[in-house]
Every structure is written in C-alpha cells, then in structure tokens.
Amino acid sequence: MVTDVRCIVRGGGDLATGVVWRLHRSGTDVVVTELAEPLTIRRTVALSSAVRDGVIVVEGLVGRRCDPDGVEDVLSAGEVPVLVAPVLDDLVRRLAADVVVDARLAKRPLDTRATDADLVVGLGPGLVAGRDCHAVVETNRGHRLGRVIWEGEAERDTGIPGVVAGRGAERVLRAPADGRVEWTVDIGDTVDAGHVLGSVRDTSAAAQVVSPFRGIVRGLIAPGTGVRTGLKIADVDPRRDPAACHEISDKALAVGGGVLEAVGRWRSGR
C-alpha cells in the first residue's frame with residue numbers, strides 16, 4: 001500500500017484512468033486535472049467525463065468535478081477530485097503533491113518538467129527520463145508494455161492503433177472535416193458496416209462518420225465537441241463485447257501497474 005503519497009495525474013482519459021485506478025486501490029490520494037473540453041473517446045471508462053457530467057463511476061472508482069478548494073472534501077469521501085486545470089500553476093504546492101504523472105499522451109514535449117514535483121512520471125513517447133521527467137512508462141503494446149524506464153524514452157509512436165480481432169487502423173474513426181460532432185448512436189450500440197454514426201458539422205455542411213465494419217461502438221467523443229480534421233473521434237470494436245465499453249482495458253491497467261511500480265520504488269528510497 002502507498003498511503004502516504006499524494007499524486008496529481010494530468011489528463012483523465014481511459015489510459016490515465018487505469019493509472020488512477022491502480023494508485024487509488026493502493027491507498028494513494030490522486031487528483032486529476034483536465035481540459036475544459038476533454039477530447040476523450042472512451043468516455044464510459046474515463047474520469048475526464050466528470051468535467052462534463054459532474055460525476056463518473058468507473059469500476060467502483062468515483063471521479064467528481066470540483067475546484068481546488070473542494071479537493072480535500074472529495075478525497076475524504078474516498079473519491080477522486082477532477083479539476084479543470086490545463087496548467088499546473090501552483091497546484092503541486094497548494095495540494096502538497098509529491099508526484100506528478102503526465103498522462104496526456106501528447107506524444108511530444110509540452111510543459112512537463114522534472115522539477116514539477118519530487119517524482120515526475122511520463123506516459124509513452126515524447127518525454128525523456130532524465131531530462132523532462134524522472135521516469136517514463138512504456139505504452140506501446142508488446143512485451144515492453146508497462147515497463148518503467150528510468151533513463152531514456154519509450155518507443156516511438158507508430159500512429160497505428162493496435163490490432164483487435166484482426167482490425168487495426170480502421171477501428172479508430174477520425175474527423176472527416178472541421179466542425180462540431182453530432183452522434184446518432186451511443187456507446188454500447190451494435191452497428192453494421194456502412195452504418196452512419198453521426199456527422200461533423202460546420203456552418204455550411206455536415207460530413208458523415210460511417211462504421212467501417214460490424215461491431216460495437218466502444219467510444220465516442222462528447223457530442224458538441226469542436227474538432228479538427230483527422231482527430232480521433234470514435235472507436236468501433238469488432239469483438240462486439242458490451243463489457244468492453246465499461247471496463248478499464250488491459251493496456252490501461254498494465255500502464256497503471258508501471259506507474260505504481262515507479263511510485264513504490266521512489267517512495268522506498270525517499
């Protein structure tokens with residue numbers, strides 16, 4: 001158990017939620033920071049959904065939107081505070097956080113620095129352990145998934161989603177145009193090849209988003225979200241297993257295990 005550590009996780013998407021779930025179940029106080037308009041697709045298993053909905057429950061883990069003044073009350077209730085805070089500012093000092101995890105998966109350096117906290121952990125490519133942070137956790141599927149890297153960086157981003165039931169890049173749908181998203185289906189719906197899931201609409205026209213094969217809708221970016229051409233906006237799962245829409249993925253749990261290992265190793269030598 002890691003009960004004497006407080007952690008800020010930057011980003012509340014489905015991979016970040018796997019990290020928070022692992023840490024929370026190990027006794028760590030965790031606070032999530034997010035954008036005012038999250039770009040999460042797998043919203044049913046992402047703490048970022050609390051930004052829009054106020055509260056989200058993921059496999060028994062409760063995420064609740066609050067402001068910094070409400071963090072202690074939410075933590076005392078055994079829940080995870082979710083703050084709209086795109087930048088850290090003075091949050092580490094104000095919340096007395098020991099650890100910062102950059103789980104935004106930007107795949108490029110942003111504003112994370114090794115000086116942000118006593119332990120700074122990055123997920124996936126874009127951050128270099130020993131320069132931008134203290135440790136990086138591998139996010140690429142394969143035998144290195146979830147490994148902790150204390151010097152160097154994770155494998156480079158291939159830009160190709162992992163293969164699921166024989167489907168790879170085609171299972172992730174991208175915005176066909178700039179505009180705002182409108183959906184005619186919900187997460188968990190079964191759809192056939194050619195089924196119109198919704199559209200991306202600008203002021204003059206709407207571009208349809210169509211399922212490429214028969215499957216279950218595993219993820220949809222929040223309706224009304226403003227998107228740019230090429231942004232990931234939906235996920236169709238060929239396995240057609242409804243449970244996949246509501247359970248944290250194996251990948252997210254593996255990455256969460258890597259972060260927990262990094263926190264435990266740092267804590268033991270603190």
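Predicted model: local features only at pLDDT ≥ 70, side-chain atom pairs only at ≥ 80, totals over all residues.
I would like to begin with strand S1, which covers residues 6–10 and is mostly covered, since five of its five residues are buried. If you look at the side chains, you will find that Arg6, Ile8 and Arg10 point one way from S1, while Cys7 and Val9 point the other way, and that all of them are buried. As a general point, side chains in a regular strand alternate between the two faces of the sheet.

Which strands pair with S1? One partner is strand S2, residues 29–34, which pairs with S1 in the parallel sense over five bridges, and in that pairing cysteine 7 stands opposite valine 30. To get from S1 to S2 the chain passes through H1, and this β-α-β crossover is right-handed. The other partner I want to mention is S6, which runs parallel to S1 and is joined to it by four bridges, with aspartate 102 in S6 as the bridge partner of arginine 10.

Threonine 17 sits in helix H1, which spans residues 14–25, and it counts as buried because its relative accessibility is 0%. Leaving aside residues up to four places away in sequence, threonine 17 touches Gly12, Val45, Ala46, Leu47, Val58 and Ile248.

Threonine 33, in turn, belongs to strand S2. Is threonine 33 buried or exposed? Its relative accessibility is 3%, and so it counts as buried. With the residues up to four places away in sequence again left out, the contacts of threonine 33 include Ile8, Val9 and Arg10, and among the others are Leu83, Ala85 and Leu91.

Finally, I would like to turn to helix H5, residues 250–268, whose 19 residues reach 27 Å from the first C-alpha to the last, close to the 27 Å expected at 1.5 Å a residue. Among the buried residues of H5 are Ala252, Val255, Val259, Ala262 and Trp266. Seen down the axis of H5, the buried residues fall within an arc of 155°, so they line one face of the helix, whereas on the other side Asp250 and Ser268 are exposed.

Note on methods. Residues numbered from 1 in each chain as written. Heavy atoms only, no water. Helix = DSSP H or I, 4+ residues; strand = E, 2+ residues; numbered from the N terminus. Buried < 20%, exposed > 50% of the residue type's maximum accessible area, 1.4 Å probe, protein only. Contact = heavy atoms within 4.5 Å. Expected span 1.5 Å × (residues − 1). Arc of directions from axis to C-beta. Pairing = 2+ DSSP bridges. Right-handed = clockwise from strand over helix to strand, strands pointing away.
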